[in-house]
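Please keep the sequence and the model open while reading.

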Amino acid sequence: MEAEVEEMRAALLHDHGAGAWRSGGAAKRAAGAADGAAEARTVCVTGGISFVGLAVVDRLLRHGYTVRLALETQEDLDKLREMELFGENGRDGVWTVMANVMDPESLNRAFDGCVGVFHTSSLVDPGGLSGYTKQMAILEARAAEQVVEACARTESVRKCVFTSSLLACVWRQSYPHHRRFPTTIDENCWSDENFCRDNKLWFALGKTTAEKTAWRAARGRDLKLVTICPALVTGPGFRRRNSTPSIAYLKGAHAMLAEGLLATADVARVAEAHVRVYEAMSGGAAGGRYICYDHVVRRGEEFVELQRQLGLQSGGALARLGSDNGDGQTARFALCNGKLARLVSSRRRCTYDAYHPISHD
């Protein structure tokens, strides 16, 4: 576990170092407290020890928020302590609390006093090669319902940012043929649940049903909800930190590659998107779903390299496969993250940190 902890720490300090968390972010929290606004900048992050979760905590701290980090197990707490990223509880703007996403009472305790919740936790099976099963897809939806219900019940919580997946958008039963231009896949598109079940795409099914469940649970409640749908999340140390979700994500990757639907998203940009969307919700400028990616994998060689980074074997034929379908025809789909790109672009002048813009293919 020591090697894993060290890699987690190194990945998070890769760009900015621990000092960045304790300087600018601390100054902003102090300013907020002086203005009597500290409580309004307290948020909770579920799955806070995960690859995406810790990155979101990083961004929130540097934007001046106080973070309540919801951990599910003692092992998670031990890992966090070993990383030594934060001081004693509350000293660096981070408080830890134990909360099980399947336990409504523990969620209520974790959320109480927070104005916003970032639900980044995901169910993965560390003992399974694919990292995901049909049963876990069912549990993912239950967890989503419990979290959103707890947000709605907690008087202080007004906003929730829910981490979904691009896989909740791309898998569909009917594919258009003989079109001159590719069909656009954006935030209005949903994966077909029956198609996912028939093809045993359990990770995609779990993300799709969980997100739909979250929207149903929030309907008619005094809670603002937005969802972020990131592509395959990569970044420093992602092989060790995010291997099982990555392997689960890549089930069906050959078809996604051929259709122009296989994309990646750097974890720092995913985290920044979470914070930007959250802040835009206050003025009503953000709502609904947001697709997040920064690179579309178009060539077989890129896919082979991605598999190599994850320690997966690939056949030689993959290097010749790409988004031309292998037969000279162009991909039938084109991903679009224009909604997120427009929101980020419109808010650059209002934010504390420089933002590396997400490319819009």
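Predicted model: local features only at pLDDT ≥ 70, side-chain atom pairs only at ≥ 80, totals over all residues.

Residues are numbered from 1 along each chain as its sequence is written, and side-chain values use heavy atoms, with hydrogens and water left out.

**Confidence**
- The chain averages a pLDDT of 81, and 73% of the residues score at least 70.
- Residues 316-321 also have pLDDT under 50, and for them the model has 13 contacts beyond four places in sequence.

**Seven-stranded sheet**
- Seven strands form an open, parallel sheet in the order β3-β2-β1-β4-β5-β7-β10, where strands (E, at least two residues) and helices (H or I, at least four) are DSSP runs numbered from the N terminus, and two strands pair if DSSP finds at least two bridges between them.
- β3 (94-98) and β10 (288-292) each have a single partner strand, so one side of each edge strand is left without a neighbour in the sheet.
- Strand β4 (residues 116-119) pairs with strand β5 (residues 159-163) in the parallel sense over four bridges, and the bridge partner of V117 in β5 is C160.
- Helix α14 packs on this sheet, touching β1 (42-46), β4, β5, β7 (224-230) and β10, and its direction makes about 160° with that of β7; axes are lines fitted to C-alpha atoms, for helices over the stretch in contact, and angles run from 0 to 180 degrees between N-to-C directions.

**Three-stranded sheet**
- Three strands form an open sheet of mixed pairing, in the order β8-β9-β11.
- β8 and strand β9 (residues 263-266) pair in the parallel sense over three bridges, with T264 in β9 as the bridge partner of L232.
- α14 packs on this sheet as well, touching β8 and β9, and its direction makes about 75° with that of β9.

**Helix pair**
- The axes of helix α4 (residues 51-62) and helix α14 (residues 267-281) come within 8 Å and cross at roughly 55°.
- The residues making this contact include F51, V52 and R59 of α4 together with V267, E272 and H274 of α14.

Note on methods
Contact = heavy atoms within 4.5 Å. pLDDT = per-residue confidence, 0-100.
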